[in-house]
Amino acid sequence: MATAPSDHDTDCSEGRPAGALGWIGARLPVVGAFTREYVRFPMPRSLNVLWTVGAMLTVALALMLLSGLALALHYTPSAAGAFASIEEIERRVPGGWLLRSMHMTGASLFVGALYLHLFRGLYYGSYKAPRELLWLVGMTLFAMVLATAFAGYVLPWGQMSYWGADVAGKAIAAVPGVGPVLERMFLGGDHPGDGTLHRLFVLHFTLAFAVLGVVGMHIAALHVSGPGTPSGRPPAGPSETLPFHPYFTAKDGLALVVFALAFAAVMFFLPSLIVEPANYRPANPMRTPPNIEPEWYLLPFYGVLQSVPSKLGGLLASVGSILVLFAAPWLDVSPLRSARERPVYRAGMAALVVAFILLGMAGARHVQGVWLYVGQAATLYYFVHFLVLMPLISRREIAAAKRAP
Amino acid sequence: MNRPSFLRGVASAAIVAALLSPTSSLAAKGEHDPSPKRAWSFDGPLGHFDLASVQRGYAVYAQVCSNCHGMEHVHFGDLRGMGLNDHQAEAVAESHTVPDGAEGKTRPATLDDAFPTPPVAQGLTPGAVIPPDQSRLAVVYPGGPDRIYALLTGYGPPPAGVTEAKDTFYNRFALGRTIAMPPPLHDGSVVYADGTQATLDQEAQDVTTFLAWVAQPHLDERRRVGVRVTLYLLFLGCLLFILKRRVWSNVH
């Protein structure tokens with residue numbers, strides 16, 4: 001095994017390594033592909049720190065899958081046993097408290113990093129040709145991750161889990177005609193119970209591994225077009241690129257340690273930032289908590305849902321606020337890519353971030369009092385940004401480009 | 001990210017109100033005195049439980065609280081976490097009886113049995129308010145340990161003009177300033193094995209520390225592991241910072 005036939009080396013233009021790796025490389029395309037995509041892969045040298053978030057997401061996903069698998073070994077997906085099995089994990093399973101806090105912290109920080117990643121894509125125009133498919137795959141991932149996170153939050157079967165599932169079921173029921181049927185299908189009965197837990201446990205598990213597969217597609221698409229750049233212009237030539245290794249392995253490695261430090265700080269010392277005490281009360285169908293709300297990362301969409309004064313309208317707006325992101329490559333057709341070179345778009349992006357945060361705050365306050373108007377204004381701006389501003393700014397920039405060729 | 005704690009407080013306060021107070025019209029006001037901030041051994045990111053206090057607090061729990069409150073998610077074996085050895089924990093378990101199969105048979109508890117829930121906490125006493133389970137009380141009770149301590153020491157005669165309904169007690173830290181739980185602790189309610197003077201304050205301090213421990217039994221370990229992980233990551237981060245600078249030194 002140690003000595004590969006030397007004549008095999010001659011027909012390999014890339015200088016396949018000798019020894020065991022060479023033996024494998026002659027039989028499986030992994031060694032060459034790895035060298036091509038992760039050692040020599042040319043990366044634009046101008047990438048800033050926001051381009052390290054992808055590596056954080058990859059590692060966080062691996063951590064979620066591994067900790068989730070271990071937790072699933074001890075979890076009971078039934079209304080009678082779920083809460084007690086979580087208590088068993090937290091109190092008596094060796095290292096169980098560590099696994100569970102890793103999984104809970106991971107969920108929050110994973111979605112947090114995902115928002116940062118998404119912001120970078122929007123700000124630097126990463127969705128534009130030739131990266132439309134990369135963007136669509138990424139947005140599919142975003143929707144899948146939110147669904148996975150929601151399903152996961154129901155599993156501990158605390159008060160927020162139960163009433164969260166109840167609210168989601170009622171939102172689904174707002175679909176005209178088939179709504180009540182869909183709600184029954186989602187809940188597996190008239191109200192959240194065993195059926196809901198079975199469904200959401202399977203959904204959580206299946207989606208999590210589907211996410212892994214779609215991440216593979218996302219990365220494959222990235223390696224076809226290469227990453228975008230902060231300036232929006234592709235590297236002019238080899239002098240503006242650097243090989244992935246050692247330059248970006250070192251840079252991503254450092255960023256990963258910084259991410260891990262933030263992770264450890266939240267998980268070990270500040271868990272109250274992400275833990276909802278009300279969910280340590282067992283689910284009680286007889287007692288509605290006065291303040292039902294999802295995890296922080298779903299709050300902006302919850303804000304949209306509540307800001308529209310009609311059940312169906314709220315559902316459509318909430319789903320639409322995610323769907324509209326898919327259309328970004330076709331709403332923004334400006335030849336300019338990066339917000340650095342687009343002052344009006346940059347101001348619009350700043351307003352979008354503010355609107356998104358305000359929506360989250362309005363969602364947490366159940367759009368009561370003045371927050372109703374804040375939520376409605378922010379919802380309106382959110383859609384105006386994508387459906388009106390993006391096409392208008394594009395037209396203006398296309399016209400300007402024609403005038404001054 | 002972290003929504004204001006008062007919202008969370010209102011959410012759980014209303015639930016507790018329903019549990020503690022049979023007069024929901026009073027509870028609807030939801031008013032009580034703010035509980036004073038106390039210094040706890042387990043406070044702050046680097047605090048750790050005073051295990052002697054946790055053990056004394058268990059004595060209070062066993063002799064007073066457990067008459068009405070359950071702790072259904074805690075097993076007798078878990079008491080080893082507060083410094084008891086196997087024999088001591090077994091002795092505690094054997095002093096309790098648990099149901100053994102049907103027909104009302106009972107047997108002595110073992111380390112693998114959960115603390116029995118008293119009949120009143122199971123809702124078997126008609127008309128009685130159900131005392132909340134204490135497994136996670138210090139986490140889910142709005143106001144946390146400070147409020148539990150304040151509540152235990154906050155009984156007193158109602159101010160002039162306020163009359164308590166039958167079977168409720170005036171407590172300025174309870175929701176609506178009224179509570180169905182009779183004053184549970186007094187000077188000398190328990191006898192401490194370590195000779196500590198069992199004053200009301202001492203008992204409240206100890207049992208609150210116990211409830212905080214039982215709600216988060218791995219808090220000390222979490223912080224210990226956290227310190228080690230953080231130190232390791234800081235060291236690794238320094239190395240990677242130097243590495244990154246060296247790798248990129250010929251670029252700019």
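## A buried loop residue in chain A

A:His366 is buried, with a relative accessible area of 18%, which falls on that side because buried means under 20%. The residue sits in the loop that links helix 15 (343–364) to helix 16 (370–403) of chain A. Its phi is positive, about 55 degrees, although A:His366 is not a glycine. The model described here is a predicted one.

Is B:Asp167 buried or exposed? With a relative accessible area of 55%, B:Asp167 is exposed, because exposed means over 50%.

## Two domains in chain A

The domain assignment divides chain A into domain 1 (38–292) and domain 2 (302–405). The C-alpha centres of the two domains of chain A are 23 Å apart. Domain 1 of chain A brings 33 residues to the contact, and domain 2 of chain A brings 29 residues. About 2500 Å² is buried between these domains, with carbon and sulfur atoms giving 65% of that area. On the domain 1 side of chain A, the residues that lose the most area to domain 2 are A:Leu122, A:Tyr123 and A:Lys128, which together account for 23% of what that side buries.

Two salt bridges are found across the interface of domain 1 and domain 2 of chain A. A:Lys128 and A:Asp332 meet through their side chains in a salt bridge, at 3.1 Å from N to O. The interface of the two domains of chain A also holds 16 residue pairs in polar contact, both residues at pLDDT 80 or more. Helix 6, helix 7 (132–154) and helix 8 (159–173) of chain A each give two or more residues to the side of domain 1 that touches domain 2. Helix 7 of chain A has the largest share of that side, eight residues. By class, the side of domain 1 of chain A that touches domain 2 has 22 nonpolar, six polar and five charged residues.

## Helix 6 of chain A

A:Tyr123 belongs to helix 6 of chain A. This residue is buried, at a relative accessible area of 16%. Which residues does A:Tyr123 contact, leaving aside its neighbours within four places in sequence? They are A:Arg337, A:Ser338, A:Ala339, A:Tyr345, A:Arg346 and A:Met349. A:Tyr123 and A:Arg340 are 217 residues apart in sequence, and their C-alpha atoms are 8.3 Å apart in space.

A:Thr105 is another residue of helix 6 of chain A. A:Thr105 has 1% relative accessibility and counts as buried. Neighbours within four places in sequence aside, A:Thr105 is in contact with A:Phe263, A:Val266, A:Met267 and A:Ile274.

## Cis peptide bonds

A:Ala129 and A:Pro130 are joined by a cis peptide bond with omega of about 5 degrees. A:Pro130 lies in the loop between helix 6 and helix 7 of chain A. A cis peptide bond also joins A:His245 to A:Pro246, again with omega of about 5 degrees. A:Pro246 is in helix 11 of chain A.

## The interface of chain A and chain B

Between the two chains, 41 residues of chain A are in contact with 51 residues of chain B. The area buried between chain A and chain B is about 4200 Å², and carbon and sulfur atoms give 66% of it. A:Arg91, A:Trp97 and A:Arg281 supply 19% of the area that chain A buries against chain B, more than any other three residues.

Three salt bridges cross the interface of chain A and chain B. A salt bridge joins the side chains of A:Glu87 and B:Arg136, at 2.8 Å from N to O. There are 14 residue pairs in polar contact between chain A and chain B, both residues at pLDDT 80 or more. Helix 5 (82–91), helix 6 (96–123) and helix 11 (244–269) of chain A each supply at least two residues of the side that touches chain B. Helix 11 of chain A gives the most to that side, with 14 residues. The side of chain A that touches chain B divides into 24 nonpolar, five polar and twelve charged residues.

## Chain B

Chain B has eight helices and four strands. Along the sequence, the elements of chain B follow the pattern α-α-α-α-β-β-α-α-β-β-α-α. Of the 252 residues of chain B, 45% count as buried. Among contacts in chain B between residues at least 6 apart in sequence, 65% join residues at least 24 apart.

Note on methods:
Residues numbered from 1 in each chain as written. Chains lettered and ligands numbered in written order. Predicted model: local features only at pLDDT ≥ 70, side-chain atom pairs only at ≥ 80, totals over all residues. Heavy atoms only, no water. Contact = heavy atoms within 4.5 Å. Buried area = accessible area lost by both parts, 1.4 Å probe. Salt bridge = Lys/Arg side-chain N within 4 Å of Asp/Glu carboxyl O. Polar contact = N/O pair within 3.5 Å; in protein donor to acceptor, adjacent residues only side chain to side chain. Nonpolar A, V, L, I, M, F, W, Y, C, P; charged D, E, K, R; others polar. Domains from an automatic or database assignment. Buried < 20%, exposed > 50% of the residue type's maximum accessible area, 1.4 Å probe, protein only.
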